[in-house]
Amino acid sequence: MRVAVADDSALFREGLAMLLAAAGVEVVAQAGTADEIIDQLAGSRPDAVILDIRMPPTFTDEGLIAAETIRAAHPAMGVLVLSTYAETPYALRLLGDGGGGIGYLLKDRVDDITALHDALRRVVSGRLVVDEEVIAGLLAHRRRADELELLTARERAVLRHMAEGRSNQGIGAKLHLAPKTVENHVANVFTKLRMPASADDNRRVLAVLAWLRATGGEAGGEDRSSLCEERSTRLGEPR
């Protein structure tokens with residue numbers, strides 16, 4: 001796997017590069033700003049880019065802007081955004097286009113190289129990855145979500161693991177469920193969220209986005225209409 005890393009902290013950036021190299025990941029580019037890493041992508045051609053959310057010059061959302069730019073210019077390239085805090089509005093904005101191949105993790109996770117490598121592998125394969133603390137924050141607001149009230153506790157658990165980018169097999173392993181049982185729960189989620197089968201829409205992505213919007217819509221006090229544009233995706237429907 002070839003990875004590019006952008007973070008304004010040279011110490012963090014170099015430490016992350018060392019961890020990745022020890023895990024067999026080739027770090028092909030490093031930069032301290034979003035613009036610098038974007039300029040290097042054409043020549044380095046990584047499989048994925050790791051971005052800090054807050055970078056120079058304003059230390060606000062440069063990483064999110066870079067992620068959007070990279071996905072527009074290099075749609076096959078995975079993007080993994082790191083943040084010090086679990087911020088629901090940022091997660092909504094990052095995942096709001098309905099596409100896969102993108103993730104949002106807390107920086108605390110990067111010392112677990114196995115988990116980091118797994119997250120990179122999932123975004124490179126076109127799946128979504130959402131940090132468990134972001135998931136926990138969204139679950140704390142689930143009572144405000146009329147759309148999800150029809151889901152059972154088990155179906156919400158399945159949907160939570162879908163948001164973490166897990167396949168049906170991975171969900172079954174986490175929840176100790178047979179593959180057929182997981183398939184039934186996933187089908188129930190689609191039915192209750194009124195998502196009929198379609199060759200054009202990735203229902204797993206749309207279900208996760210519906211859940212993110214419903215459970216996180218009041219967090220942060222920002223205008224969610226600018227963060228959650230609904231777009232149809234043209235992805236396959238992975239199991």
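Tutor: In this predicted model, a residue is called buried when its relative accessible area is under 20%, and exposed when that area is over 50%.

Student: What makes helix H7 mostly covered?

Tutor: Helix H7 spans residues 153-163, and eight of its 11 residues are buried. These are Glu155, Arg156, Ala157, Val158, Leu159, His161, Met162 and Ala163. Each of them therefore falls under the 20% limit. Just after H7, Gly165 adopts a positive phi of about 90 degrees.

Student: Why is Arg45 classed as exposed rather than buried?

Tutor: The relative accessibility of Arg45 is 62%; exposed requires a value over 50%, so Arg45 counts as exposed. Arg45 is located in the loop between helix H2 (34-44) and E3. Its phi is near 45 degrees, a positive value in a residue other than glycine.

Student: How is Arg194 classed, buried or exposed, and why?

Tutor: Arg194 has 63% relative accessibility. The cut-off for exposed is over 50%, and Arg194 therefore counts as exposed. Its loop runs between helix H9 (179-192) and H10, and its phi is positive, about 55 degrees, although Arg194 is not a glycine.

Student: What makes a set of residues a nonpolar core, and which residues touch the most other members of the largest one?

Tutor: The members must be buried residues of the nonpolar kinds, joined through side-chain atoms within 4.5 Å. The largest such core has 53 residues, of which Leu51, Leu159 and Met162 touch the most other members. Helix H10 (residues 203-216) gives the most to this core, with eight residues. A second, separate core has 16 residues, including Leu20, Ala48, Ile50 and Leu120. In soluble globular proteins, nonpolar side chains tend to be buried together.

Student: Which residues does Leu159 touch, leaving aside those up to four places away in sequence?

Tutor: Leu159 touches Leu151, Val189, Leu193, Ala207, Val208 and Trp211. A contact requires heavy atoms within 4.5 Å, and each of these residues therefore meets that limit with Leu159.

Student: What is the geometry of the peptide bond from Pro56 to Pro57, and where is Pro57?

Tutor: That bond is cis, with omega near 10 degrees. Pro57 sits in the loop between strand E3 (48-52) and helix H3 (62-73).

Terms used. Residues numbered from 1 in each chain as written. Predicted model: local features only at pLDDT ≥ 70, side-chain atom pairs only at ≥ 80, totals over all residues. Heavy atoms only, no water. Buried < 20%, exposed > 50% of the residue type's maximum accessible area, 1.4 Å probe, protein only. Helix = DSSP H or I, 4+ residues; strand = E, 2+ residues; numbered from the N terminus.
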